[in-house]
Amino acid sequence: GFHRYSTDSSWHVPHFEKMLYDQAQLAVAYITAFQVSGEQLYADMAKDILLYVSRDLSDKSGGFYSAEDADSVPVSGGLEKQEGAFCVWTASEVRELLPDVVEGAVGAATLADIFMHHYGVKEQGNVAPEQDPHGELQGKNVLIVRYSVELTAAHFGITVEKVNELMTSARARMAEVRKIRPQPHLDTKMLASWNGLMLSAFARVGAVLGNEAMVERAVQAGYFLKEHLWDPDQQNILRSCYRGDQMEVQQM
């Protein structure tokens, strides 16, 4: 999923909020780029966006939630939420999670060494003070691809295929650890307009990739809109509904 916007010219430190309408429009943009160029990267980006939406912004009714907050309670504890706490990492966390020595790598490098090189992780954190006016990211790292896979492979004397395999494994481990962190708050308002955008995204990406599950997800969203946001008496679409305390769909 994409954060709302970047706070710097190198697209490194974002405002960490994630909005449904951004995911919908970016998924369509990426799948269109794939159709035009044939570049698999663009198809993978579109799929990853919809994976995030399916996992984190979907209601059991078939609707889509509006947003995920930027702030959350840090792993270190306390009650005060901090910007990006769910997403950022310290160098020590990465080293603890990825200690394996990589066979054949230069200098007996560990998986952490390769990951930190590729994603710009620094011991003191990689966020400049001017990008962190409230000191919430001090000592933390916002992951960013700093080198191509080819350059990372050359730096450590291993193959490109090996780097891809290692980074996939490392990201999976870190994702599992991130699951147990305090979650950002979900805005569980479900807007007809934004749901329409996301329905279209699932339908478009699913059709282009021949993915029946994605197309079916679009159909589910259509049933949600008809059941919860269509007023048959007035013959118009209602603006929004909400997830209630008992996980049911409510009109306010």
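Q: Leaving aside neighbours within four places in sequence, which residues is Met-198 in contact with?
A: Please note at the outset that this is a predicted model. Beyond its sequence neighbours within four places, Met-198 is in contact with Leu-20, Gln-23, Ala-24, Leu-50, Val-53 and Phe-64.

Q: And which residues touch the most other members in the largest nonpolar core?
A: That core has 28 residues, and Leu-50, Val-53, Phe-64, Met-198, Ala-201, Phe-202 and Val-205 touch the most other members.

Q: Which elements give two or more residues to this core?
A: They are helix 1 (20-37), helix 2 (40-56), helix 7 (192-209) and helix 8 (212-228).

Q: What does the second, separate core include?
A: The second core has 22 residues, and Met-116, Tyr-119, Leu-166 and Met-167 are among them.

Q: What holds strands together in general?
A: The strands of a sheet pair through backbone hydrogen bonds, in either a parallel or an antiparallel manner.

Q: How many bridges join strand 8 to strand 11?
A: Three bridges join strand 8 (residues 189-191) to strand 11 (residues 240-243), and the two run antiparallel. Here Lys-189 has Tyr-242 in strand 11 as its bridge partner.

Q: Which residue of strand 12 is the bridge partner of Tyr-242?
A: The partner in strand 12 is Gln-250. Strand 12 covers residues 249-250 and is joined to strand 11 by two bridges, again with antiparallel strands.

Q: What do strand 11 and strand 12 form?
A: They form a hairpin with five residues between the strands. In the turn, Met-247 has a positive phi of about 70°.

Q: Now the rings. How many aromatic pairs does a search of the whole structure find?
A: The search finds five aromatic pairs. In one of them, the ring centres of Phe-2 and Tyr-30 are 5.9 Å apart and the planes are at 25°, so this pair is stacked.

Q: Which parts does that pair tie together?
A: Phe-2 lies in the segment before strand 1 (5-6) and Tyr-30 lies in helix 1, so the pair ties together parts that are 28 residues apart in sequence. Phe-2 counts as partly exposed, at 27% relative accessibility.

Q: What about the pair of Tyr-30 and Tyr-42?
A: Their ring centres are 6.1 Å apart and their planes are at 35°, so the pair is tilted. Since Tyr-30 is in helix 1 and Tyr-42 is in helix 2, the pair ties together parts twelve residues apart in sequence. Tyr-42 is partly exposed, with a relative accessible area of 29%. Ring pairs link Phe-2, Tyr-30 and Tyr-42 into a cluster.

Q: Which ring does the charged end of Arg-181 sit over?
A: It sits over the ring of Trp-89, 3.9 Å from the centre.

Q: Next, Arg-95. Where does that residue lie?
A: Arg-95 lies in helix 3, residues 91-97. At 35% relative accessibility, Arg-95 counts as partly exposed.

Q: What does the side chain of Arg-95 make a polar contact with?
A: The polar contact is with the side chain of Glu-123, at 2.8 Å. Apart from neighbours within four places in sequence, Arg-95 is in contact with Ala-112, Asp-113, Met-116 and Glu-123.

Q: Which backbone nitrogen does the side chain of Ser-72 reach?
A: The side chain of Ser-72 reaches the backbone nitrogen of Phe-86 at 3.2 Å. Leaving aside neighbours within four places in sequence, the contacts of Ser-72 include Lys-81, Gln-82, Ala-85 and Pro-182.

Technical notes. Residues are numbered from 1 along each chain as its sequence is written. This is a predicted model: local features need pLDDT of at least 70, side-chain atom pairs count only at pLDDT 80 or more; totals for chains, interfaces and linings use all residues. Side-chain values use heavy atoms; hydrogens and water are left out. Two strands pair if DSSP finds at least two bridges between them. Helices (H or I, at least four residues) and strands (E, at least two) are DSSP runs, numbered from the N terminus. A nonpolar core is a set of buried Ala, Val, Leu, Ile, Met, Phe, Trp, Tyr and Cys residues joined through side-chain atoms within 4.5 Å. Buried means under 20% relative accessible area, exposed over 50%, partly exposed in between (1.4 Å probe, protein chains only). Contact means heavy atoms within 4.5 Å. Rings of Phe, Tyr and Trp (its six-membered ring) pair if their centres lie within 6.5 Å; planes under 30 degrees apart count as stacked, over 60 as edge-to-face and the rest as tilted. A charge sits over a ring if NZ of Lys or CZ of Arg is within 6 Å of the ring centre and within 35 degrees of the ring normal. A polar contact is a pair of N or O atoms within 3.5 Å; within protein, one must be able to donate a hydrogen and the other to accept it, and residues adjacent in sequence count only if both atoms are side-chain atoms.
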